[in-house]
Amino acid sequence: PHIERELMLIKVRSVGKEREELKRTTDIFRGRIIDVTDKSYTIELTGDGAKLDAFIDSIDRASILETVRSGGSGIGRGERILKV
């Protein structure tokens, strides 16, 4: 057993009513809005790949301006050592 996480930074267009909906969705996925402009949010999310994919699926793809993902990182649970 191991723990696996991935980091994603995603910049999305957010104007008008979209802003509040994006804030709610980010909170649901336990993300953080790390940069705010008049027309965009940059959001930081960590979790397994499926969680990050689910976030992307839950927002309007047309609003995505830029996405960067780290790829998965893992470590063994408890006393176990993860060997690759």
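Student: Is phenylalanine 55 buried or exposed?

Tutor: The model before us is a predicted one. A residue counts as buried when its relative accessible area is under 20%. Phenylalanine 55 has a relative accessible area of 0%, so it is buried.

Student: Which residues of helix 2 are buried?

Tutor: In helix 2, which spans residues 49-58, the buried residues are Leu52, Phe55 and Ile56. They lie on the same side of helix 2, because the arc they cover around the axis is only 100°. Ala50 and Asp57, on the other side of helix 2, are exposed.

Student: Why do residues three or four places apart point the same way in an α-helix?

Tutor: The reason is that an α-helix has 3.6 residues a turn.

Student: What covers the buried residues of helix 2?

Tutor: The cover includes strand 1 (2-13), helix 1, strand 3 and strand 4.

Student: How many aromatic pairs does the structure hold?

Tutor: The structure holds one. Its members are phenylalanine 29 and phenylalanine 55, with ring centres 5.4 Å apart and planes at 85°, so the pair is edge-to-face. For that reading, the planes must be over 60 degrees apart.

Student: Which parts does the pair tie together?

Tutor: Phenylalanine 29 belongs to the loop between helix 1 and strand 2, whereas phenylalanine 55 belongs to helix 2, so the pair links parts that are 26 residues apart in sequence. Phenylalanine 29 is buried, at a relative accessible area of 17%.

Student: What is the phi of arginine 30?

Tutor: Let us begin with the general idea. Most residues other than glycine have a negative phi. Arginine 30, although not a glycine, has a positive phi of about 55°. Arginine 30 is located in the loop between helix 1 (18-28) and strand 2. With 74% relative accessibility, arginine 30 counts as exposed.

Student: Where is aspartate 27, and how is its accessibility to be read?

Tutor: Aspartate 27 is in helix 1. Its relative accessibility is 56%, so aspartate 27 counts as exposed. Between aspartate 27 and lysine 51 there are 13 Å in space, C-alpha to C-alpha, and the two are 24 residues apart in sequence.

Student: May we turn to the strands? With which residue does the side chain of serine 40 make a polar contact?

Tutor: The partner is threonine 37, and the contact joins the two side chains at 2.8 Å. Serine 40 lies in strand 3 and counts as buried, at 10% relative accessibility. Beyond its neighbours within four places in sequence, serine 40 is in contact with Lys11, Val12, Arg13, Ser14, Arg19, Asp35 and Leu65.

Student: Which residues is threonine 42 in contact with?

Tutor: Threonine 42 also has its place in strand 3, which covers residues 40-47. With neighbours within four places in sequence left aside, its contacts are Ile10, Lys11, Arg32, Ile33, Ile34 and Asp35. Threonine 42 counts as buried because its relative accessibility is 14%.

Student: How far apart are threonine 67 and lysine 11?

Tutor: In sequence they are 56 residues apart, yet in space the distance is 6.3 Å, C-alpha to C-alpha. Threonine 67 is part of strand 4 (residues 64-69) and touches Met8, Leu9 and Ile10, residues up to four places away in sequence not being counted. At 37% relative accessibility, threonine 67 counts as partly exposed.

Student: How many helices and strands are in the chain?

Tutor: The chain has two helices and five strands. From the N terminus on, their order is β-α-β-β-α-β-β. The chain is more spread out than a compact globule, because its radius of gyration is 15 Å, well over the 12 Å that the globule rule gives for 84 residues. Taken along the principal axes, the C-alpha atoms fill a box of roughly 50 × 20 × 20 Å. Buried residues account for 27% of the 84 residues. Of the contacts with a separation of 6 or more, 68% come from residues 24 or more positions apart.

Methods
Residues numbered from 1 in each chain as written. Predicted model: local features only at pLDDT ≥ 70, side-chain atom pairs only at ≥ 80, totals over all residues. Heavy atoms only, no water. Helix = DSSP H or I, 4+ residues; strand = E, 2+ residues; numbered from the N terminus. Buried < 20%, exposed > 50% of the residue type's maximum accessible area, 1.4 Å probe, protein only. Contact = heavy atoms within 4.5 Å. Arc of directions from axis to C-beta. Phe/Tyr/Trp six-rings, centres within 6.5 Å; stacked < 30°, edge-to-face > 60°. Polar contact = N/O pair within 3.5 Å; in protein donor to acceptor, adjacent residues only side chain to side chain. Rg over C-alpha atoms; globule rule 2.2 N^0.38 Å.
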